[in-house]
Amino acid sequence: MKILEYQSLKKLNTFGIDVTAKYFVEFSSIEDIQEILSNPKFLNTKKLILGGGSNLLFTQNFDGLVLKNNLKGIKLIKEDADFYYVKSAAGEVWHDFVMHCIKNNYAGLENLSLIPGNVGASPMQNIGAYGVEIKDVFYELEAFSIADKTIRTFSKTECKFGYRESVFKHELKNKYIITSVTFKLLKNPKFNTSYGAIETELKAMGIIEKSIRTISKAVCNIRNSKLPNPAEIGNAGSFFKNPEVVRGKYEFLKTKYPNIVGYELENGNVKLAAGWLIEQTGWKGKTVGDAGVHKLQALVLVNYGNAKGNEIFDLSTKVLESVKEKFGVELEREVNII
Ligand code: FAD
Ligand code: EPU
């Protein structure tokens, strides 16, 4: 394993922020992880596990060790009457894994097509899109404990999944390297097209009989029409989470803003569309230097060229403040600020 010093991370984060890592190493096996973590030089060095870099904002050079995950391999580990149990190494590209499952008729991931990043990061924030979250198809994961240097298996309950949340973003933050994730996928697909746009897109595609392939294609089409491609404009997807408010607050806002977009939750609260809130504050399409609020999706902050991480962060603070002032609603950042 080669340890690089002052390695540029510009091409390794989808915001395209031009920062360096003091130390940088790529690992391809558990032995590599053991070796690097046993190196006394790095014992007290701060560490960052890097996947596809699609949910990070670097606000400064990383003064520590970046460990880039390159663990590969996908395996059907068992099956029963109803399910396939498919284990993927953490360094597999998420969309390639989804495509592999679709090709083999393992159903359940089709709505999650085209989400950037690696399999290993998918449990971090319980990735979700178009009515499905990975917790719906998750079986277990394996993770390497940085302190004990042993592998531990986490069940679904132990991961404490929530909306864009897991235990790895909170009490176990920076304590484990996720090395593999196993999904429990259906033999007989149950199509989830509750997200209206999928039905509309399937119709536009002329699809009469649904399949996991056509749903995946519809999701890809919708995503391509809405979200900026990081290869063209730097971004990390939704910068903020959709905020949850109590019903009374929603009803109060609805009397003032009849078009407000909200979804009822099982707990009685309402999830508001942050994109709508931001658009109403006038930030949509605005830029401050090279940092901007995307013109088609106000929830996505973008780097039009050479924005610094701090400039994007400062813009996010301005957006947060405007939403708080207009609606009295607190937005929370989804992207990991480093
Ligand atoms: P990284 O950005 O590399 O890392 C994210 C965090 O996880 C960091 O804190 C990192 O240290 C940690 N981490 C990464 N790998 C590991 C590991 N193996 N072990 C321990 N910690 C680890 N997200 C959604 O949920 N739904 C969407 O629809 C969606 N759409 C997006 C669209 C675009 C255009 C973009 C750019 C992003 C989108 N995202 C979406 C966000 C992003 O794709 C996901 O959060 C993805 O899972 C991040 O994966 P990554 O490998 O790039 O993680
Ligand atoms: N909206 C606006 N203006 C905007 C953007 C959105 O009014 O500028 C309205 C839309 O018209 C719609 C509503 O807000 O009525 C929701 O918009 P959309 O369907 O585009 O979804 P979102 O809530 O903005 C969430 C996720 C996405 C995920 C999509 C599809 C979060 C934070 N974001 O976006 O996830 O792909 O739904 O399921 O939950 C991500 O996490 O990075 C991400 C992209």
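**Reading the contacts and labels**

Author: Let's start with Arg-333, whose side chain makes a polar contact with the side chain of Ser-316 at 2.9 Å. Please keep in mind that this is a predicted model.

Reader: Happy to! What makes the pair Arg-333 and Ser-316 a polar contact?

Author: The cut-off for a pair of N or O atoms is 3.5 Å. The two side chains come to 2.9 Å, and this value is within 3.5 Å, so the pair counts as a polar contact. The side chain of Arg-333 also makes a polar contact with the side chain of Thr-317, at 3.0 Å.

Reader: Why is Arg-333 called partly exposed?

Author: Its relative accessible area is 23%. Buried would need under 20% and exposed over 50%, so 23% falls in between and Arg-333 is partly exposed. You will find Arg-333 in the loop between helix H8 (309-327) and strand E20 (336-337).

Reader: Which residues does Arg-333 contact, beyond its neighbours within four places in sequence?

Author: They are Phe-239, Phe-240, Phe-313, Ser-316, Thr-317 and Leu-320. Lys-241 is 92 residues apart from Arg-333 along the chain, yet their C-alpha atoms are separated by 6.1 Å.

Reader: Let's turn to His-294. What makes His-294 buried?

Author: The limit for buried is under 20%, and His-294 has a relative accessible area of 3%, so it is called buried. His-294 has its place in the loop between strand E18 (291-293) and strand E19 (300-303). Setting aside neighbours within four places in sequence, the residues in contact with His-294 include Lys-226, Pro-228, Ile-233 and Tyr-304.

Reader: Which backbone nitrogen atoms does the side chain of His-294 reach?

Author: One is the backbone nitrogen of Leu-296, at 3.2 Å. Another is the backbone nitrogen of Gln-297, which lies 3.4 Å from a polar atom of the His-294 side chain.

Reader: How do you know that the side chains of Glu-199 and Thr-193 are joined by a polar contact?

Author: Their separation is 2.6 Å, and the cut-off is 3.5 Å, so the pair qualifies.

Reader: On to the ligands. Which residues are closest to ligand 2?

Author: Ligand 2 is surrounded by 23 residues, and the closest are Tyr-130, Tyr-163, Glu-279, Gln-297 and Glu-334. A polar side-chain atom of Tyr-163 is 2.7 Å from an oxygen atom of ligand 2, while a side-chain N or O atom of Glu-279 lies 2.6 Å from a nitrogen atom of the ligand. For Glu-334, a polar side-chain atom lies 2.8 Å from an oxygen atom of ligand 2.

Reader: Which atoms of Ile-49 and Gly-52 face an oxygen atom of ligand 1, backbone or side-chain?

Author: Backbone, in both cases: a backbone N or O atom of Ile-49 lies 2.7 Å from an oxygen atom of ligand 1, and Gly-52 gives 2.7 Å too. Gly-53 also places a backbone N or O atom 2.9 Å from an oxygen atom of ligand 1.

Reader: Finally, how do the lining residues of the second largest pocket divide?

Author: Into 4 nonpolar, 4 polar and 4 charged. Among the lining residues are Phe-83, Asn-111, Asp-136 and Lys-190, and the pocket's volume is about 260 Å³.

Technical notes:
Residues are numbered from 1 along each chain as its sequence is written. Chains are lettered from A and ligands numbered from 1 in the order in which they are written. This is a predicted model: local features need pLDDT of at least 70, side-chain atom pairs count only at pLDDT 80 or more; totals for chains, interfaces and linings use all residues. Side-chain values use heavy atoms; hydrogens and water are left out. Helices (H or I, at least four residues) and strands (E, at least two) are DSSP runs, numbered from the N terminus. Buried means under 20% relative accessible area, exposed over 50%, partly exposed in between (1.4 Å probe, protein chains only). Contact means heavy atoms within 4.5 Å. A polar contact is a pair of N or O atoms within 3.5 Å; within protein, one must be able to donate a hydrogen and the other to accept it, and residues adjacent in sequence count only if both atoms are side-chain atoms. On a 1 Å grid over the protein atoms alone, a cavity is a set of points where a 1.4 Å probe fits but cannot get out, and a pocket is an open set with protein on both sides within 12 Å along at least five of seven lines; lining residues have an atom within 4 Å of a point. Grid points are joined across faces, edges and corners, and a volume is the space filled by probe spheres set on the points. Ala, Val, Leu, Ile, Met, Phe, Trp, Tyr, Cys and Pro count as nonpolar, Asp, Glu, Lys and Arg as charged, and the others, Gly among them, as polar. A residue is near a molecule or strand if one of its heavy atoms lies within 4 Å of it.
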